[in-house]
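Please consult the sequence and the coordinates alongside the text.

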Amino acid sequence: MSLDHFQHLADLLELESQAEARQIVERVRRRKTGEAERSGDCLVDLVVRDEYAALGGRSLLTLSKRNVNQPLPWTRLQAGTPVLLSLQSANKANGWRGVVSERGPNFVRVAFNELPDDEREQPVYRLDLAHDEAARLRQRQALDRARTAQRDRLAELRDILLGEKAPSFAPPPNVTPLDASLNESQREAVRFALAAKDVAVIHGPPGTGKTTTLVELIRQAVRRGEKVLVCAPSNLAVDNLLERLLAHGEQAVRLGHPARVLPQLREHTLDLMVENHSDVK
């Protein structure tokens with residue numbers, strides 16, 4: 001049952017990827033420039049104003065309208081958004097994939113692994129919303145690993161998460177809260193999670209202090225000598241946890257594309273920490 005379940009998820013993921021790729025190609029090829037920009041998924045009539053190396057060895061391009069005094073219209077292309085940069089005069093949807101690093105009233109800054117290569121003098125570009133193929137590839141690899149795991153810890157967790165086995169718990173530990181402001185419900189949730197040998201779920205309505213509880217849980221786990229990997233459905237949620245942990249004086253490293261991290265937290269990303277390390281030279 002579990003193997004069929006993961007194969008079904010992988011098939012759905014592939015269908016979703018194909019559909020998104022078709023939509024992007026159709027949008028880039030068929031929409032007129034004005035119509036595309038009004039949709040909020042595209043910026044047109046862009047020229048390169050500046051380029052420099054930054055963000056862990058990546059390259060940044062600063063783009064603005066040909067009329068430098070013309071502000072950018074409303075767009076969904078915010079910091080962290082995957083985008084496709086292409087020549088505005090091109091008929092094909094080929095281009096360069098990047099991630100929006102920063103957005104201002106008159107400019108948008110995009111991070112690329114490689115700079116666009118075009119020999120034309122002052123080429124005019126368009127910037128389109130793109131699907132995140134890197135994330136899709138990681139999802140597919142994770143599904144394949146979970147599906148094929150045998151007689152190891154991953155196989156055990158897979159069976160527990162699918163409800164084929166029950167999770168196990170140790171007796172709840174006696175812990176002294178590091179954050180004295182936690183209420184009894186939050187403290188009980190921390191003890192419950194620390195007692196879990198496999199998996200634990202802390203849930204509750206918005207505003208009940210789940211993030212505060214998770215920060216306490218992470219700090220308690222670190223005090224026990226454990227290493228903690230924190231994940232969340234959005235970059236902003238991870239940044240929120242990171243910010244709170246740093247405020248408590250904890251040492252944390254942010255993984256992921258620096259362009260998708262809040263500017264005030266980028267110095268804690270792995271890319272920039274490596275780049276700024278004295279041994280890099």
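The model is predicted: local features need pLDDT of at least 70 and side-chain atom pairs pLDDT 80 or more, whereas totals for chains, interfaces and linings use all residues. Residues are numbered from 1 along each chain as its sequence is written, and side-chain values use heavy atoms, without hydrogens and water.

Leu229, Val253, Leu255, Leu270, Met273, Val274 and Val280 make a nonpolar surface patch of about 620 Å². Leu270 belongs to helix H8 (residues 270–275); its relative accessibility is 38%, so Leu270 counts as partly exposed (between 20% and 50%, 1.4 Å probe, protein chains only).

The largest pocket holds about 1,500 Å³ of space. Its lining comprises 45 residues, with Asn235, Arg254, Leu255, Gly256 and His257 nearest the centre. Helix H7 gives the most to this lining, with 5 residues. By class, the lining of the largest pocket has 24 nonpolar, 10 polar and 11 charged residues.

The second largest pocket contains about 1,000 Å³. Among its 30 lining residues, Ala200, Leu214, Leu217, Val228 and Leu229 are the closest to its centre. Here helix H6 gives the most, with 6 residues, and the lining divides into 21 nonpolar, 2 polar and 7 charged residues.

Conventions:
Patches are made of residues with over 30% relative accessible area and no salt bridge: like charges are joined within 9 Å, nonpolar side chains (Val, Leu, Ile, Met, Phe, Trp, Tyr) within 5 Å. Accessible areas come from the Shrake-Rupley method with a 1.4 Å probe; for residues, only the protein chains shown count as cover. A salt bridge is a side-chain nitrogen of Lys or Arg within 4 Å of a carboxyl oxygen of Asp or Glu. Helices (H or I, at least four residues) and strands (E, at least two) are DSSP runs, numbered from the N terminus. On a 1 Å grid over the protein atoms alone, a cavity is a set of points where a 1.4 Å probe fits but cannot get out, and a pocket is an open set with protein on both sides within 12 Å along at least five of seven lines; lining residues have an atom within 4 Å of a point. Grid points are joined across faces, edges and corners, and a volume is the space filled by probe spheres set on the points. Ala, Val, Leu, Ile, Met, Phe, Trp, Tyr, Cys and Pro count as nonpolar, Asp, Glu, Lys and Arg as charged, and the others, Gly among them, as polar.
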